[in-house]
Amino acid sequence: CLAMLQTACVFTPTTSSSSALFQRAASQNTKLNSSASRERTTNLSGTDRKLVGEAKVKGPSKLKELFSHPLYNLPHVALQEDDWLLRLKPEEEKSEKIQESHVDSNGESDSAVKGYDKISWTRDADTHPPWLRFHLGITRWQLYDRKDPSLEQVMQYLATERILGAVQKSGGTQLKLIISFPNYGQALLKPMKQPRDAETDFNLFYFSDFERHNAEIAAFHLDRVLGFNRIPPVVGRLINVTTEIREITTDRKLSRTFFTSPAGNVCFYGQCDYYCSTEHPVCGRPHALEVSLATFLPDLELASRRSWRSPWRRSYSRTKLAQWEKDPDYCDTVKQAPPYDRGTRLVDVIDMAVLDFLMSNMDRHHYETFEKFGNETFLLHLDNGRAFGRHSIDEPTILDAPLHTAAPASLVPPQLPSVGCAAGVSVPGPSKCGGPLLSENHLSALDRRLDTVLKTVRECQNKLVGQVPTYILHNIIFI
Ligand SMILES: Nc1ncnc2c1ncn2[C@@H]1O[C@H](COP(=O)(O)OP(=O)(O)OP(=O)(O)O)[C@@H](O)[C@H]1O
Ligand SMILES: [Mn+2]
């Protein structure tokens, strides 16, 4: 599966002529809806093994083509020193300091005792573990550069590194664990709770829905395909709940919740506000459990974050409406208030709404930014576990409230063929992992919703013709 991940999701751009691709992209656009689903059906039939084989003979992926499109290769303004989230200490304070802090009074590294590796990092990037390279690559404008080899390395790392510790993460409503690796890397684990093709019960409110591990993984890929790069890399992994959680955890509260189910599977439920009870167990088969692992962001002490309430947050109530649902002038009020009245914040929120509409995520109550960058920075799209719950219906308000009422458009890429990438990607891990990341129904829903996004943007463009110079409209969106 891991091999397939790399075959299907290529991180390096092709060298083909961009103008030819540009034209091809435009002509493919009209054919996309009919051909994409046909192609996917071919791709997805059969086993994972078949998928790997097909991906190999097919030649350059659509994702590769998409990423070589000029819109994905716009020249960037050169980064200044304060555009990096973290930087290495100046030469004179270099890494001996880090080593000292892990050496006890006998002069021995305490890390060996706990099972952690001895630290031998220097200023040389080659000595850094993948998670550290990822942290050092975060800038004011994105979490990662999609062409940076560290991205692939950190994903490999999460999918394969030995698990040293697992404790519950406090905060939030549903069960999630912090996983530790021997070289001090960490990941946020969300377990599989339901089959991939299960559709959320239509009588459930969005705030009662389960989180889905595959939604976290698919959201990362979709965000990357859209060119946002605002979700920390997430991979799937098959873990052994007994040896990789129960036997190594130091979290008493967590270990007390383990039990063997009547079917003989090892289960646990942890402690949290929602669904942490014997009635909602997370179970291995009998030990094997599929999970998502998200790269941990830098420690808050090194890089504090600010949490912002989304202006289009839902009410989280069975009866109450949110302000944006009642007040026709709500959008104007938002547009005039800081931080939405300047810079890219409003269009960034619209980007987020486009992402959320595509994956039908109604749970975007907050978003975060890195404090260091003030208001001039990208928005972190964390917590996507409630996305991809329903494929048979779309939720127009996710898009309409911010996009239709707020601004002409955010930057929407010309097409989304590479969601096929998410389709082709199984959860990396041993070969028994659970098949395609998203069911065919969800992929069709993505195509349908993309169409709606483009139509909505076109409507906005048409409305604004004459009010905004055409060159601005053309720069804002290319369809
Ligand atoms: N990759 C990450 N690295 C570090 N911290 C993270 C990461 N992802 C999320 N967090 C932090 O953990 C908190 C809880 O995560 P998340 O929102 O996914 O869980 P949740 O149970 O769905 O929470 P809620 O119920 O508040 O929606 C987030 O508010 C965020 O600050
Ligand atoms: Mn949540």
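Visitor: What handedness does the crossing of helix 9 and helix 14 have?

Guide: In this predicted model, helix 9 and helix 14 cross in a right-handed sense. The residues in contact are Ala218, Ala219, Leu222 and Asp223 from helix 9, with Leu355, Leu358 and Met359 from helix 14. By class, that contact holds six nonpolar residues, no polar ones and one charged.

Visitor: What makes up the contact of helix 14 with helix 17?

Guide: Helix 14 contributes Val354, Phe357 and Leu358, and helix 17 contributes Leu446, Arg449, Leu450 and Val453. Six of these residues are nonpolar, none is polar and one is charged. The axes of helix 14 and helix 17 (residues 440–464) come within 8 Å and cross at roughly 145°. This crossing is right-handed.

Visitor: Which residues are closest to ligand 1, and how many surround it?

Guide: The shell has 15 residues, and the closest are Gly172, Thr173, Ala294, Leu297 and Asp383. A residue is placed in the shell when its C-beta atom lies within 6 Å of the ligand. By class, the shell around ligand 1 has six nonpolar, six polar and three charged residues.

Visitor: Where is the peptide bond from arginine 285 to proline 286, and is it cis or trans?

Guide: That bond is cis, with omega near -20°. Proline 286 sits in the loop between strand 7 (282–283) and strand 8 (288–295). The bond from proline 338 to proline 339 is also cis, with omega near 0°. Proline 339 belongs to the loop between helix 13 (330–336) and helix 14.

Visitor: What is noted about the phi of tyrosine 275?

Guide: Tyrosine 275 has a positive phi, about 60°, although it is not a glycine. Its place is the loop between strand 6 (266–268) and strand 7.

Visitor: How confident is the predictor in the chain?

Guide: The average pLDDT is 80, and 74% of the residues score at least 70. Over residues 1–57 the pLDDT is below 50, yet that stretch has 90 contacts beyond near neighbours in sequence. Residues 407–433 are also below 50, with 120 such contacts. For the complex, the predictor gives an ipTM of 0.97 and a pTM of 0.82.

Conventions: Residues are numbered from 1 along each chain as its sequence is written. Chains are lettered from A and ligands numbered from 1 in the order in which they are written. This is a predicted model: local features need pLDDT of at least 70, side-chain atom pairs count only at pLDDT 80 or more; totals for chains, interfaces and linings use all residues. Ala, Val, Leu, Ile, Met, Phe, Trp, Tyr, Cys and Pro count as nonpolar, Asp, Glu, Lys and Arg as charged, and the others, Gly among them, as polar. A crossing is left-handed if the near helix is turned anticlockwise from the far one by less than a right angle, and right-handed if clockwise. Helices (H or I, at least four residues) and strands (E, at least two) are DSSP runs, numbered from the N terminus. Two residues are in contact if their C-beta atoms, placed from the backbone, lie within 7 Å. pLDDT is the predictor's confidence in each residue, from 0 to 100. Axes are lines fitted to C-alpha atoms, for helices over the stretch in contact, and angles run from 0 to 180 degrees between N-to-C directions.
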